[in-house]
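Please read it alongside the structure shown here.

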Amino acid sequence: MRLSGKTALITGAAGGIGSTTAGIFSSEGASVILSDCKRDACLAVESEIRSQGGDNVTVMPADLTREEDILKLFSEIGSSHPALDILVNIAGGDHEPVADVESIDYERMSRNIDLNLKSCILCCREACRIMKPLAYGRIVNMSSLVYRGSPGQFSYSASKGGIFSFTRSLAMAMGQYNITVNALAPALVDVPVFQKVLGRDKWLAMAEAAAERYPLKRIASPEDVAKAALFLASDDASFITGQVIEISGGARL
Ligand SMILES: NC(=O)c1ccc[n+]([C@@H]2O[C@H](COP(=O)([O-])OP(=O)(O)OC[C@H]3O[C@@H](n4cnc5c(N)ncnc54)[C@H](O)[C@@H]3O)[C@@H](O)[C@H]2O)c1
């Protein structure tokens, strides 16, 4: 097992990519802390993991757009766990898909930056406070392929681009403490939220069109992303830091 004896905090753990990552980390021997603003959905993920034989799983809900929730989350982790070895920052989403730049709305733009970028920076800050004295840490942040730019996703792509540069800065600062910091940049991933928001037909058309554009002729599964997170969180990646791995089936090469 690749994560035996390790404690991992996974944010966005109730979502498509987060729940899959939590399941895979647990099956690889990690003690998993599930955090998300959706408490009941987190509890359902916990039950699912337990039904698969994973008994080392805890739910700690938090709204990661609130600094006080982040401080409470890490304080609870500090008092209930001897260490925090792995942080996977997955919570995120696009609250401002707009077609033209003139439609950018201050509140929605702020929500995108708060949810995707500020929560990631603050969770990393708190995790480093625990990891630094223990001289061990693996941090995996969730960017997106749109970090390269995406008209129609102005503030979302900016927040994911921010994660790209923050990841590199933090990797430079934390290497001396044996803390690696990397990011994942997936293209379109097949997660339930799309069908819920768009409806089945629109989602299938969108997924099919994307798959046609990608050299590997399919979109990503949550497992594709979770396995890359597993690699970066494991000691197989102990000499890799400051990198962004595109999980894109070759899109935008
Ligand atoms: N699905 C894709 O195509 C895709 C592609 C690239 C990047 N991503 C990124 O992957 C991550 C996971 O997305 P997903 O596809 O699993 O979607 P998802 O909506 O299923 O998961 C996102 C999770 O974040 C949680 N969340 C939202 N706001 C929160 C808050 N304020 N505090 C705590 N948790 C909060 C949600 O409750 C949800 O469980 C996101 O950061 C997203 O931007 C997704």
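In this predicted model, the buried residues of α5 pack against α4, β5, β6 (179–186) and β7 (244–247). The secondary structure of the protein chain as a whole amounts to eight helices and seven strands. With a radius of gyration of 17 Å, close to the 18 Å that the globule rule gives for 253 residues, the protein chain is as compact as a globular protein of that length.

**Helix α5**

- Helix α5 covers residues 154–174, and its end C-alpha atoms are 30 Å apart; this agrees with the 30 Å that its 21 residues should span at 1.5 Å a residue.
- The buried positions of α5 include Phe 154, Ser 155, Tyr 156, Ser 157, Ser 159 and Lys 160.
- Further along α5, Ile 163, Thr 167, Leu 170 and Met 174 are also buried.

**Helix α4 and the residue after it**

- A kink of about 35 degrees is present in α4, and it is centred on Asp 114.
- Ala 135 follows α4 and lies in the loop between α4 and β5 (137–142).
- The phi of Ala 135 is near 55 degrees, a positive value in a residue other than glycine.
- Ala 135 has 10 other C-beta atoms within 10 Å, and because a residue with 12 or fewer is classed as exposed, Ala 135 is exposed.

**Lys 217**

- Lys 217 is located in the loop between α7 (200–213) and α8 (222–233).
- Although Lys 217 is not a glycine, its phi is positive, at about 60 degrees.
- Lys 217 counts as exposed, since it has 10 C-beta neighbours inside 10 Å.

- Ile 77 belongs to helix α3, which is formed by residues 67–80.
- There are 21 other C-beta atoms within 10 Å of Ile 77; as 20 or more are required for burial, Ile 77 is buried.
- When neighbours within four places in sequence are left aside, Ile 77 is in contact with Leu 9, Ile 33 and Leu 84.
- Met 60 is 17 residues from Ile 77 in sequence, and the C-alpha atoms of the two residues are 8.7 Å apart in space.

**Ligand shell**

- The shell around the ligand contains 25 residues, of which Gly 12, Gly 15, Ile 17, Gly 92 and Ser 144 come nearest.
- Helix α1 (residues 16–27) supplies the largest share of this shell, with three residues.

**The chain as a whole**

- The C-alpha trace of the protein chain spans about 50 × 40 × 35 Å along its principal axes.
- Buried residues make up 45% of the 253 residues of the protein chain.
- Among contacts in the protein chain with a separation of 6 or more, 72% are between residues 24 or more positions apart.

Definitions and conventions: Residues are numbered from 1 along each chain as its sequence is written. This is a predicted model: local features need pLDDT of at least 70, side-chain atom pairs count only at pLDDT 80 or more; totals for chains, interfaces and linings use all residues. Helices (H or I, at least four residues) and strands (E, at least two) are DSSP runs, numbered from the N terminus. Two residues are in contact if their C-beta atoms, placed from the backbone, lie within 7 Å. A residue is near a molecule or strand if its C-beta atom, placed from the backbone, lies within 6 Å of it. The bend at a residue is the angle between axes fitted to the seven residues ending there and the seven starting there. The radius of gyration is taken over C-alpha atoms; the globule rule is 2.2 Å times the number of residues to the power 0.38. The expected span of a helix is 1.5 Å times one less than its number of residues.
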